[in-house]
Amino acid sequence: MKRRLLLLIPLALFAVLAVFLYQGLSMNPSDRDSALLAREFPAFELATLEDPQATVDESLLQGQVTLVNVWGEWCPTCKQEMPQLLELAERGVRLVGVDYKDTRAKGQAFLDEFGNPFEVNVFDPEGSLGFDLGVYGAPETFLVDADGIIRYHHTGYITPEDVERTIWPEVQKWRSE
Amino acid sequence: MAKRMTSRKLLSAALIALAMIVAGVATAAIEVRQFDDPVLQQRYESLVDSLRCPKCANQAIGDSNSPIAEDMRERVAQLLEDGRSDREIQDFMIDRFGDYVLYNPRLNDRTWLLWGLPAALVLLGAVVIALIVRARRNASNRALSDEERQRLDALINRERTR
């Protein structure tokens, strides 16, 4: 009898493997945690989109919970995402934009057309800040706490459901920390 | 007949030419970076082959046209010229894009299972084989008891008398 049970071992191993691989089928390879979670927002020094003379650095993100959204005029999903960002700004969330690999004229035109939920926009034409943030496409969104530590990261389009399910709760969570 | 042969040859020549053009276009699309120092050149080539493009499905940054792969290649070249080691350059990329970026992930608390499992399975297999071999050897070495011998003789006799 004992020997018979031993014969079931391969079947059991197969079942474990099958469950494991089946789960893999529904996993999204782009859903991976940012390498920057729980780390300080990278240092930078760049001009703002609004004023080429005014430079800002990472101290911009000190003092209160901020949602940093990386966008560009060339990015169609960023346009679809704007209503959700405007909604968050309406609720009192502080938003800072990073205009990524864009030109000033196009970036300004984008904000004129789709609205501007951002307190300020960091102008990053070379994508250098984006690179240090590990951004590999736009839109990407980072939640930074009052101490300038990255606490949450969202890759890609923020749907209205994402706002309710993750973004807004995360903002509130880190505000109360 | 001869005519048919030539048209076939023509066709295959045309196909080969087409394939060469397509291959040429495919390789020409990614700009090749040249270093004066052949050692740097070699290190650059192996680095861009060992770093995975975060945007694309399973392509090295050396094989991809995506903007982020271009930026990463550019950064690899800069860091090489700054005299950084391969390890430092990999660390630089991991800091920004995570462990994902290495095709050959390093051994750490998240990857020990990945690296350890094959070795553990080989060991397990060796143990199983050793047990089977031992059991077989024991079985063949064991002498028959008197009772078993009698039964065997009886069976052989029965077969013979049939």
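1. Strand β3(A) is mostly covered in this predicted model. Six of its six residues are buried.

2. With strand β4 (residues 94-100) of chain A, β3(A) runs parallel, and six bridges join the two. Within that pairing, A:V68 stands opposite A:V96 of β4(A). With strand β6 (residues 140-144) of chain A the direction is antiparallel, and five bridges join β3(A) to β6(A). Here A:T66 has A:V144 as its bridge partner in β6(A).

3. How many residues of β6(A) are buried? Five of the five are, so the strand is largely enclosed by the rest of the structure. Both faces are covered. A:E140, A:F142 and A:V144 lie on one side, A:T141 and A:L143 lie on the other, and all of them are buried. A:V144, the partner of A:T66, therefore counts as buried, with 20 or more other C-beta atoms within 10 Å of its own. The charged residue A:E140 is also in this buried set.

4. β6(A) also pairs with strand β7 (residues 150-155) of chain A; the two run antiparallel and are joined by five bridges. The bridge partner of A:E140 in β7(A) is A:T155. The hairpin of β6(A) and β7(A) has five residues between the strands. In that hairpin, A:G148 takes a positive phi near 80°.

5. Chain A as a whole has six helices and seven strands. Along the sequence their order is α-α-β-β-β-α-β-α-β-α-β-β-α. The radius of gyration of chain A is 21 Å, whereas a compact globule of 177 residues would have one near 16 Å. The C-alpha trace spans about 80 × 35 × 30 Å along its principal axes. Of the 177 residues, 34% count as buried. Among contacts in chain A with a separation of 6 or more, 73% are between residues 24 or more positions apart.

6. Two helices of chain A deserve a separate point. Helix α3 (residues 76-90) and helix α6 (residues 160-175), both of chain A, pack at an angle of about 40°, with their axes 9 Å apart. That angle makes α3(A) oblique to α6(A). The contact is made by A:Q84, A:E87 and A:L88 from α3(A), and by A:P160, A:V163 and A:I167 from α6(A). By class, it has four nonpolar residues, one polar and one charged.

7. Between the chains, the contact takes eight residues from chain A and eleven residues from chain B. The side of chain A that touches chain B has three nonpolar, three polar and two charged residues.

8. In chain B, one residue can be followed in some detail. B:L79 is found in helix α3 (residues 67-81) of chain B. Is B:L79 buried or partly exposed? B:L79 has 18 C-beta neighbours inside 10 Å and so counts as partly exposed. Leaving aside neighbours within four places in sequence, B:L79 is in contact with B:R84, B:I89 and B:F92. B:P118 is 39 residues from B:L79 along the chain, and their C-alpha atoms are separated by 35 Å.

Methods: Residues numbered from 1 in each chain as written. Chains lettered and ligands numbered in written order. Predicted model: local features only at pLDDT ≥ 70, side-chain atom pairs only at ≥ 80, totals over all residues. Contact = placed C-beta atoms within 7 Å. Axes fitted to C-alpha atoms, helices over the stretch in contact; angles between N-to-C directions. Helix = DSSP H or I, 4+ residues; strand = E, 2+ residues; numbered from the N terminus. Parallel < 35°, antiparallel > 145°, perpendicular 65-115°, else oblique. Buried ≥ 20, exposed ≤ 12 C-beta atoms within 10 Å, placed from the backbone. Pairing = 2+ DSSP bridges. Rg over C-alpha atoms; globule rule 2.2 N^0.38 Å.
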